[in-house]
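Here's a walk through one model, a few spots at a time. Have the structure open and follow along.

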Amino acid sequence: MDDLQYGTRNKRGDWAPNGKIEIAPFWRWPMSARALGAWLLEYLWPWNAFHMATTLAYWYFIIPDVETMKTLSWGWPVYLYVVNAAAIFVMYGAVEFFYYVKRKQSNRFKYNAKFPGDQPSDVFWFKSQNIDNFLRSFLITIPLWTVVEVTFLWCFANGYVPWLTWADHPLYLAALVFFAPMFHEGYFYMIHRLIHVPVLYKWIHSVHHNSVNPSPWSSLSMHPVEGFAYHSVAFIHLIIPSNPVVALFQLHVAGFGAINGHIGFEKLELTDEAALNSHAYTHYLHHKYFEVNYGDGIIPMDKVFGTWNDGTKEGEAIMNARFQKKKERMNAKNAAKA
């Protein structure tokens, strides 16, 4: 595929898509029915449909029976960790292998023309972003994902929280499923802004931001505090009346869905004429500029608080002006102290 039909490439070889990133159409006025329909289709397919497919596969083939989950032991939590780790290894690893190791489409549609494997750095374990990100994911974040998973399953199994059935509450539970990805973004935005507070950023979130040029293994490369907080989004289903399948879907939107913003390519070429859209550019800009796009635009908090970068030259100019004003305020503050 010719990526220059869809975007532009600068002198460094970095690629950017044409057009601009839009917030969800139901926040824009006048609302376009066509835009809303297109957004709804992308909202449901393929990513959230995939997360529901993995949820159902887990529920019917992986999750232990209720009697087993009533008792905390080493057996079934370790089993769930192994499954979670294996699933991430296959899903993330496939993208990493074909597009970063084999480089099957070179750097076509790649935002940053360079590959992390070609850029050793002292900020990473063993000076390797790939090794660092991989080990942090499998030794820290995925175990914490499993802790969250085991906790809510144990609570449901023991009747500590309401377990609504699909037979009695189909519309309510379907609504929870539909809005779960939106809730994820709202929750993610709040904790994301929190860990960008300087002291928290230094000790916690900087671990994730070491990957300025993210790849799939970067998706779950986090400090333990961030890894636990990120997956704790599923605990909302211990607060509101819900169902363990919905809670599991909420968790999969977070765990499996983390790759969406870290693929590093706008499109993953499947054939010479077909490609999978990643929708990764919004979060890529956050990794590139740090103080923009804390969310993805479904919940337009970045737009409200002036941290939205829509990927255009105008958006970059607005961002640079904001950065300049911040720099001037800091300089004035330091001058006053002197």
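Let's start at Leu276, which lies in strand E4. Keep in mind that this is a predicted model.

Which residues does Leu276 touch, once you leave aside its neighbours within four places in sequence? The list is Pro46, Trp47, Glu266, Lys267, Leu268 and Leu270. Take Pro46 from that list: it is 230 residues from Leu276 along the chain, yet the two C-alpha atoms are separated by 8.9 Å.

## Two cis prolines

Pro46 has something else to show you. The peptide bond leading from Trp45 into Pro46 is cis, and its omega is near 5°. You'll find Pro46 in the loop between H1 and helix H2, which covers 47-61.

There's a cis peptide bond between Trp29 and Pro30 as well, with omega at about 0°. Pro30 sits in the loop that runs between strand E2 (15-17) and helix H1 (33-44).

## H2 against H4

Trp47, one of the residues touching Leu276, also turns up where H2 meets H4. The axes of H2 and helix H4 (residues 75-101) come within 13 Å and cross at roughly 150°, and the crossing is right-handed. From H2, the contact uses Trp47, Phe50, Tyr58 and Phe61; from H4 come Tyr79, Val83, Asn84, Ala87 and Met91.

What kind of residues are these, by class? The contact of H2 with H4 has eight nonpolar residues, one polar and no charged.

## H6 against H9, and Pro244

Next, look at helix H6 (residues 170-194) and helix H9 (residues 244-255). They pack at an angle of about 25°, their axes 10 Å apart. That makes H6 roughly parallel to H9, since angles under 35 degrees count that way. The crossing of H6 and H9 is right-handed. On the H6 side, the contact is made by Leu173, Leu176, Val177, Ala180, Pro181, Phe183 and His184, while H9 brings Val246, Phe249, Gln250, Val253 and Ala254. Sorted by class, the residues of the contact of H6 with H9 are ten nonpolar, two polar and no charged.

Pro244 is found in helix H9 too. With 1% relative accessibility, Pro244 counts as buried. What is Pro244 in contact with, leaving aside its neighbours within four places in sequence? The partners are Trp59, Phe152, Leu153, Phe156 and Trp163. For a sense of scale, Pro244 and His209 are 35 residues apart along the chain, and their C-alpha atoms are separated by 32 Å.

## Histidines where H7 meets H10

His209 takes us to H7, where it is part of the contact with H10. The axes of H7 and H10 come within 10 Å and cross at roughly 120°, so these helices are oblique to each other. The crossing of H7 and H10 is left-handed. Which residues make the contact? His205, His208 and His209 come from H7, and His283, His286 and His287 from H10. By class, the contact of H7 with H10 has six polar residues, no nonpolar and no charged.

While you're on H7 (residues 198-209), have a look at Ser206, which lies in this helix. At 18% relative accessibility, Ser206 counts as buried. A polar atom of the Ser206 side chain lies 2.9 Å from the backbone oxygen of Lys202.

His279 has a positive phi of about 60°, although it is not a glycine. You'll see His279 in the loop between strand E4 (275-277) and helix H10 (281-289). Its relative accessibility is 39%, so His279 counts as partly exposed.

Then there's Phe290, whose phi is near 70°, again a positive value in a residue other than glycine. Phe290 is in the loop between H10 and helix H11 (301-305). At 28% relative accessibility, Phe290 counts as partly exposed.

Terms used: Residues numbered from 1 in each chain as written. Predicted model: local features only at pLDDT ≥ 70, side-chain atom pairs only at ≥ 80, totals over all residues. Heavy atoms only, no water. Helix = DSSP H or I, 4+ residues; strand = E, 2+ residues; numbered from the N terminus. Buried < 20%, exposed > 50% of the residue type's maximum accessible area, 1.4 Å probe, protein only. Polar contact = N/O pair within 3.5 Å; in protein donor to acceptor, adjacent residues only side chain to side chain. Axes fitted to C-alpha atoms, helices over the stretch in contact; angles between N-to-C directions. Parallel < 35°, antiparallel > 145°, perpendicular 65-115°, else oblique. Left-handed = near helix turned anticlockwise from the far one by under 90°. Contact = heavy atoms within 4.5 Å. Nonpolar A, V, L, I, M, F, W, Y, C, P; charged D, E, K, R; others polar.
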